[in-house]
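Dear colleague,

I am handing over the structure that we talked about, and you will find it just below. Please look through it first, and then read my notes on what was found.

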Amino acid sequence: MQPDSKQIKWVDEPKLGLAGRLYLTPLIDGLSLTARHFFRTARGEGFTRQFPEERPLFGNPLIYRGVHRLNKDEQGRVKCVACFLCATACPAHCIDIIGTESPWADREKYPQSFVIDELRCIFCGMCEEACPVDAIELTSLFDLTGASREEMVFDKEKLLSVYDQTCDLEPMRSRGPAAHSGPPPGKDH
Amino acid sequence: MQVWLEPLIKIVLVVLATQAAVAYLVLVERKVAAYMQDRLGPNRVGPWGLFQPIADGAKFILKEELIPAGADRALFLIAPVSILAAATLAFATIPFGYLVPWPGADPIELTIAPKVDIGLLFVFAIGSLGVYGVILGGWASNNKYSLLGGLRSSAQLVSYEIPLGLSVIGVLLFSGSLRLETIITAQAQSGWWWFAVQPLGFLVFMVSGCAEASRLPFDLPECEQELVGGYHTEYTAMKFGMFAFAEYLHLITVAFLTVNLYLGGWHLWGLAPYADEVGWFGAIVRVLVLNIKMLLVILFFMWIRWSWPRFRYDQLMNIAWKVMIPLGVINLLVCAVCQEFLDPKNYLTRAVLGWLAVGGCVLYAALFAHPGKTRLKAPGIT
């Protein structure tokens, strides 16, 4: 590109005054700026939150996509009907369900095992969208840690315990327990 | 007290104190930097992060020592040792207090090697040995970036030694000695600190001292942005730690020299005046005054580090050769004229002349200095 090209917009540097040419005021400006910030932080008016002691605030924990939980109905049974819709919807293939015949009268199947590999999960929330009985939900628990890969594979008991842990803070977003909502739509019962 | 015992105690004291000071200066630096950037800095190891230096030291010692395959092993090992040794040795003639009374003997001077008549010269000579560590480290690493870093670093250190030397000649003229104790005493006796009498020399000394200690805005030796860390790129663990230690020791040395040469040393009007008799109270107050002044100078260096942008390499060299050396010469000229023609006690006239010289330089810069003449211009604009 030539220097006289129309596409180049030439901007001239602003002219420095006497003080600017002596570098005096810019230097003092710099010093006073850092001093202001120093004393503001020293007075305790900084912005840092001490994380593990001070929990961050969520705008709305109900729409945060953190660790999964498996909801329970009012009899304490898992709400899941092992329809595999979440596993099908999951883009990361992190949900592994083994369905078997339900011991209860109000549904045909229930998950014998329900395993989510939290390390593969991308926390997109598609499982939550797909679930017809609102059994799987994402909570606002975000500090998910583990000492091994095995520890990060959550089984049914662990997912149900996440529900126990969070049900007080975050009520179920469902239309009601499975028994009241009837069979999943499109299925002949 | 035995002849060898007294220096030995002082050596142990100074070495331990400076090592501890360096460890905690790193913490202070990190805290100051963090506060200026609206952060909190290290605050997890101990209350207010006070044990952070211990954790850092343990990390330095326990980390793996690596020597690059193509490196010159002997020189690679000598470099950090030499730079640290030179930085520590400079404290031999720097006073960190005044006389301390000793029962049944002469009062003890708080300098490792008191009454060394070449005191200041010794500090500068030893201080300039640090260049060897820098260039050896850069060369022995067998890494082009390290070599570049070492080269430009040594060029910077060598260049800034000239204005540094020029600026202190004025002090030597007024004090009549190279002994740092005498320089402090001269200021204490007259009641004038030399920075007020020779403002130009003080400015040149501060700038050159900052460059000699490789502090920002003169941190070209490290130059993390362009040189992948400069001359110590290939160094790991404690060998890197020794370079970092030496850097902070240089900072302490420069701060001590600034206080002793220009800011009156242990002298403070009213609290620690010049006195012939030696008492315990006076001795302790003088040590405190001197070291608090030193700490304030270091804090100022940290303050400017996080406030001002860094110089480009050609700007750095221009400042040394085209600004600082002429200013040093002007200062020397003014001091020499004062010393020749004025009454030795007439410090007011000297101060007035010194500040007039500053005014003249400012006026010259405002009228005749045009920075940025070589800038690329839009076509058609002359």
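Which residues does A:I136 touch, not counting residues up to four places away in sequence? A:I136 touches A:H68, A:L70, A:C86, A:C127, A:E128 and A:C131, where contact is counted if the C-beta atoms of two residues, placed from the backbone, lie within 7 Å.

Before going further, please keep in mind that this is a predicted model, in which local features need pLDDT of at least 70 and side-chain atom pairs count only at pLDDT 80 or more, whereas totals for chains, interfaces and linings use all residues. Residues are numbered from 1 along each chain as its sequence is written, while chains are lettered from A and ligands numbered from 1 in the order in which they are written.

To return to A:I136, this residue belongs to strand 4 (residues 136–138) of chain A; helices (H or I, at least four residues) and strands (E, at least two) are DSSP runs, numbered from the N terminus. A:I136 is buried, because 24 other C-beta atoms lie within 10 Å, and the cut-off for that word is 20 or more such atoms around the residue's own C-beta, with 12 or fewer counting as exposed and anything in between as partly exposed.

The sheet of chain A is open and has three strands in the order 2-3-5, with antiparallel pairing; two strands pair if DSSP finds at least two bridges between them. Strand 2 (95–101) and strand 5 (153–154) of chain A are at the edges, and each has a single partner strand, so one side of each is left without a neighbour in the sheet. Between strand 2 and strand 3 (residues 109–117) of chain A there are seven bridges, and A:I95 has A:I116 in strand 3 of chain A as its bridge partner.

As for the two chains together, 17 residues of chain A are in contact with 17 residues of chain B. Helix 2 of chain A gives the largest share of the side of chain A that touches chain B, namely eight residues.

Finally, on confidence, the predictor gives the complex an ipTM of 0.79 and a pTM of 0.81. Among the elements of chain B, the lowest mean pLDDT, 62, belongs to helix 10 (residues 224–227) of chain B, and the highest, 91, to helix 9 (residues 199–212) of chain B.

With best wishes

Note on methods: pLDDT is the predictor's confidence in each residue, from 0 to 100.
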